[in-house]
Amino acid sequence: MLRPRTMLMALALLAAVCGGCGGSSSSSGASGSGKNTILRIGTTYYIDSLNPLLAYEPQASNAFAMIYPQLVQYGPGLKIAPDWATSWEESKDGLTWTFHLKPGGKWSDGVPLTAEDAVWWVNTIFKYQNGATSYLAGELAGLKKITAPDPNTLVLTYRKPVPSALANLEQFYFMPKHVWSKYTGNDGKDMKSFDPEQHLPVVSGGPYTITQFQEKGTTVFKPNPYFYGPKSHVAAVALTYYTNATSMIADLEQNQLDFIDATPYTAANSMKGKSNITVSIAPGSEVTNLGINSNPVKPKNRELLDPRVKEALEYAIPRQELVDVVYGGHAQPWANIMSAWSGPSGWLNPDVKPLPYDIAKANQILDQLGYTRGSNGIRVAPATTGQYAQPAHPMSYSVIVPNDLDFNGDRQFSVLAAAYAKVGVQLHEISGGDVSQAYDLITAPNYTYKNADMFTWYWHPYIDPNYNLSVVTRAQWGNSSDTGFDDPTYDAMWRKQAGLVSFKQRQQLVWQMEAYLAQKRPYIQLVDTDVITAHSNSWTGFDPQLWGYCKCFYTSPHPTG
């Protein structure tokens with residue numbers, strides 16, 4: 001039933017997008033030709049929201065890049081490149097940044113896109129930064145004010161130099177004032193109730209608008225005729241979410257898809273032999289982890305706060321087995337909160353390396369700490385006294401595993417559970433649901449981080465470390481923090497690095513922070529995965545590294561003919 005239904009959906013989509021444009025769908029190549037072509041993308045990531053105040057999923061970040069203006073973006077080689085701003089200057093004292101915008105831009109509904117939109121949006125984020133807009137306010141850290149001397153110029157004035165200013169702004173998207181200003185009531189809370197996906201076509205300023213939205217179906221990106229930058233090569237991009245990666249691969253092999261933005265790790269090698277498909281494999285930016293509830297006032301299983309216990313737990317992790325079994329060899333053992341992509345920019349501490357797999361060492365540490373085995377082989381944490389006294393209890397912990405991981409989370413849990421059993425630690429799996437459900441479980445109750453023990457998840461770290469180093473600060477509780485880590489010493493280091501102008505000084509402190517986290521272990525990092533994509537040989541122009549980073553990820557691909 002799936003194959004005929006998929007083909008009918010593709011034909012209906014082509015008709016809906018192209019109308020009488022003269023293109024034709026073919027099972028032997030791209031759907032249409034030239035400007036009448038639809039780029040059909042398969043994915044196992046879904047867009048949870050088109051509201052940047054609400055979204056968590058990485059596919060949402062990619063959608064934001066396609067529909068909303070940014071001052072800057074990352075280009076080839078992961079270097080900061082122009083987007084809405086054609087150029088910019090930094091004052092000698094590092095306090096003032098002047099951005100020159102591309103003139104003549106319009107939102108997709110024809111309303112002029114000007115610097116005033118940017119000023120209004122930034123001031124709105126400022127106004128409600130302690131409430132509704134706190135999620136985005138971090139990207140404007142240190143900003144004092146924003147002004148628009150003319151419709152094509154923005155001036156950003158900072159309280160002190162912010163060395164990561166451009167990297168922060170790459171993560172900041174601008175909303176249309178004439179749309180969003182209607183939803184600023186209730187102390188800004190109404191903005192978090194606004195669902196752009198319910199008001200189609202989305203009013204956009206990027207290269208595409210969205211004319212059809214299905215969270216777990218097909219979302220259609222249609223070119224915005226007023227976009228200020230390079231135009232799309234296609235009539236539309238159709239992004240289809242798959243719950244079954246096997247079906248997604250079959251659709252690519254049968255020319256019902258043109259591109260897969262994240263090929264399953266264990267399927268990559270088998271796909272290489274297909275004559276009509278090109279598989280691209282390169283070092284990636286996804287760092288997977290075993291997160292540990294690190295709230296210092298949590299009421300139960302407080303032994304997991306002890307860095308020595310966490311050290312033993314790291315020695316017990318067979319990372320190479322995870323690489324081979326869960327990731328099909330397409331990953332490397334990892335220990336840093338940042339990914340390998342931060343290395344060329346100098347932000348990756350080369351001394352932060354994973355501990356070797358050593359069951360004997362793990363057992364030795366736990367024995368020395370007094371965690372003796374019970375008759376069932378499970379270690380027992382002794383009773384404690386004091387403010388957070390606990391009775392004696394088995395070292396038995398729940399691990400929350402989200403359902404929408406891009407790797408086999410159940411298989412990874414099984415490997416971890418089997419390894420930990422060898423050191424007398426029992427794990428049991430809890431299904432985490434989708435990203436928002438998993439976050440609620442991990443941070444329960446009500447973002448106080450008192451219930452959970454552990455979880456498995458991942459991050460796609462940015463190139464600049466500022467944001468990802470912030471996710472383990474106390475300020476990110478209820479926003480980006482999933483561990484409940486609360487360490488004033490670390491928070492002070494984060495604030496200091498954010499204001500260091502000297503690259504060498506900031507690098508030294510960033511490296512110190514990475515090592516500090518590797519020792520404290522709010523996360524035990526597991527692997528840094530490869531990025532694996534696959535596309536039909538009827539297409540070219542893909543740059544897998546730029547997913548979520550550059551508007552060219554959708555605008556550059558085109559049929560080979």
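The lining of the largest cavity divides into seven nonpolar, two polar and one charged residues. Here Ala, Val, Leu, Ile, Met, Phe, Trp, Tyr, Cys and Pro count as nonpolar, Asp, Glu, Lys and Arg as charged, and the others, Gly among them, as polar.

A word on the source: this is a predicted model, where local features need pLDDT of at least 70 and side-chain atom pairs count only at pLDDT 80 or more, while totals for chains, interfaces and linings use all residues. Residues are numbered from 1 along each chain as its sequence is written, and side-chain values use heavy atoms, with hydrogens and water left out.

Back to the cavity. On a 1 Å grid over the protein atoms alone, a cavity is a set of points where a 1.4 Å probe fits but cannot get out; a pocket is an open set with protein on both sides within 12 Å along at least five of seven lines; lining residues have an atom within 4 Å of a point. Grid points are joined across faces, edges and corners, and a volume is the space filled by probe spheres set on the points.

How many cavities of 30 Å³ or more does a search of the whole structure find? The search finds two. The largest has a volume of about 70 Å³, and its lining includes E514, L517, A518 and Y523. Helix α16 (503-520) gives the most to that lining, with three residues. Helices (H or I, at least four residues) and strands (E, at least two) are DSSP runs, numbered from the N terminus.

The second largest cavity holds about 50 Å³ of space. Among the residues that line this second cavity are Y45, Y46, G217 and Y241. Strand β10 (residues 236-241) gives the most to its lining, with three residues.

Now the rings. The structure holds 34 aromatic pairs. Rings of Phe, Tyr and Trp (its six-membered ring) pair if their centres lie within 6.5 Å; planes under 30 degrees apart count as stacked, over 60 as edge-to-face and the rest as tilted. F455 lies in strand β18 (residues 454-459) and Y523 in strand β19 (residues 523-536), so the pair ties together parts 68 residues apart in sequence.

Are these two buried or exposed? F455 is buried, at a relative accessible area of 1%, and Y523 is buried too, at 4%. Buried means under 20% relative accessible area, exposed over 50%, partly exposed in between (1.4 Å probe, protein chains only).

Charges also meet rings. The charged end of K216 sits over the ring of Y46, 4.6 Å from its centre. R474 lies over the face of W477, at 3.7 Å from the ring centre. The test is NZ of Lys or CZ of Arg within 6 Å of the ring centre and within 35 degrees of the ring normal.

Last, a hairpin. Strands β6 and β7 form one, with two residues between them.

Conventions. Pairing = 2+ DSSP bridges.
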